[in-house]
Amino acid sequence: MRYLSRIFQPVITIPKNAKIKNTEITCKSQKLLLECGLVRPTTSGFFTLLPLARRALDKLENLIKTCIESSGAQRLSLPALTSAGLWAKTGRLENAAAELLTLEDRHNKKYLLAPTYEEAIAELLSDLKPISYKQLPIILYQISNKYRDELRPKHGLLRAREFSMLDAYGAHASSACALQVYGRMATAYEHLFRALHLKVHKVEAPSGDMGGSFSHEWQLAATSGEDQIKVCPSCSHAALLNDEGTRCQSCGKDAEILQSIEVGHTFILGTKYSEALEATYCPPSGPPLPIIMSCYGIGITRLLAASLEALSTEKALRWPKAIAPYSAIIIGPKEGSKEWNDHGMDQVKLVYDALNSVPALRSDVLVDDRHGLTIGKRLLMADKMGYPIVIACGKESSSNPPRYEVTIDGATQLCTAQELVQTLSDKYTHLEYCT
Ligand SMILES: [Zn+2]
């Protein structure tokens, strides 16, 4: 069994208006992740993800991997350091200078800790010349830590200087092919957000420093968000709030204004990077042509924090079911109680085995073995952590047949072990991954 008392989880209480390492606590995900012992700040904008947060992030990364690969993308790993010379060739070394973390090696060669990899991918493609049009399209992706020297890192994981990110790149022989792959990747994004039960709005966006012909931002509504979107209640059209006012561009009705967090960005890049770095392909006839590129990003640590912002209350974490650090926790009787004297850990073991017999919950169940604490106290702590399934072995666990207090998605009922397995098998048939 996996025991809560063995989990490295330094729980703390943060007094009102307190600062942690000189950082103000400005949003609920930041406060709750700290208080629940999931994250520790190291230095401004950098965080240690403690085991339970790491576990949630692993689940999220795996889910993203499944969704993205269903569009045909293949994973690779590029070095964390990109030569600064490559960025000089595309003009971004100068344009993005303020946000780049740079360093030099012993030979005075300059590098940057990459925030994104358009240059590195274009160079890889250029290095493999000549690529035939028959090999295209190619979609490559990474899941790795990226770096951005934010002027003011804030809101904890929402705006950090180091973050986990999905970055994917499409290489295409034509604009039509780029658009087709773009559509496929957008579908993968939609599957991902549906699996997380998050309402993420796809909105047209300016391409900014990235260049290219068009792009979309993927925005999750949350009150602490720094962006604003307008969502039409009548036709569901969503757009960034801009100078054109609050009317829906699509049907003309008044749209609702929402604060939101950008969790993803997708671009058709065109040939900006391939021309600068001479990444070409051979068409059926004629001279080589620059590869048309597209790119796709998801801020993974940001998405984790943003989903907590969107779902949690001020006092308690709430996770998308698919990424809760553990899906279920079992709370055993209090030491010295009648139930404890009747059956001790026997009922806990029985419930543990029952839960593990549900395939979607296997190895995802924790036992709160702090039997010196009352069940009520441990229930409160489980609620604050936001485990989707909480099972307490209270008074009824001594009756015949034994029954347990089961809380799923906030609703509590008394169940036998058999009823519990039935209910959970129905609810957790299969995690609704990519269809
Ligand atoms: Zn409308």
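Select Trp-319 and show what surrounds it: setting aside neighbours within four places in sequence, Trp-319 is in contact with Leu-33, Leu-38, Ala-56, Leu-304, Leu-308, Leu-311, Ala-324, Pro-325, Met-385 and Gly-386 (contact means heavy atoms within 4.5 Å). This is a predicted model, in which local features need pLDDT of at least 70 and side-chain atom pairs count only at pLDDT 80 or more, while totals for chains, interfaces and linings use all residues. Residues are numbered from 1 along each chain as its sequence is written, and side-chain values use heavy atoms, with hydrogens and water left out.

Leu-38 and Trp-319 have the most contacts inside the largest nonpolar core, which has 69 residues. Such a core is a set of buried Ala, Val, Leu, Ile, Met, Phe, Trp, Tyr and Cys residues joined through side-chain atoms within 4.5 Å. Buried means under 20% relative accessible area, exposed over 50%, and partly exposed in between, with a 1.4 Å probe and protein chains only. In soluble globular proteins, nonpolar side chains tend to be buried together.

Now select residues 175–195. This is helix α6, which gives the most to the core, with 11 residues. Helices (H or I, at least four residues) and strands (E, at least two) are DSSP runs, numbered from the N terminus. Colour 4–311 and 326–427 separately: the core draws at least three residues from each of these, domain 1 and domain 2. The domain bounds come from an automatic or database domain assignment.

Then select Ile-121, Leu-125, Leu-140 and Ala-171. They are among the 27 residues of a second, separate core.

Move to the zinc ion. Which residues hold its protein donors? They are Cys-232, Cys-235, Cys-248 and Cys-251, each through SG, at 2.2 to 2.4 Å from the ion. Donors are N, O and S atoms within 2.8 Å of the metal (3.2 Å for Na, K and Ca); water is not among the atoms, so sites may look incomplete. The spacing of the donor residues in sequence is C-x2-C-x12-C-x2-C. Cys-232 lies in the loop between β14 (227–231) and β15 (238–240), and Cys-248 in the loop between β15 and β16 (256–270), so the pair ties together parts 16 residues apart in sequence. Cys-232 counts as buried at 2% relative accessibility, and Cys-248 counts as buried at 6%.

Finally, show the whole chain. Its secondary structure comes to 12 helices and 24 strands. Of its 435 residues, 51% are buried.
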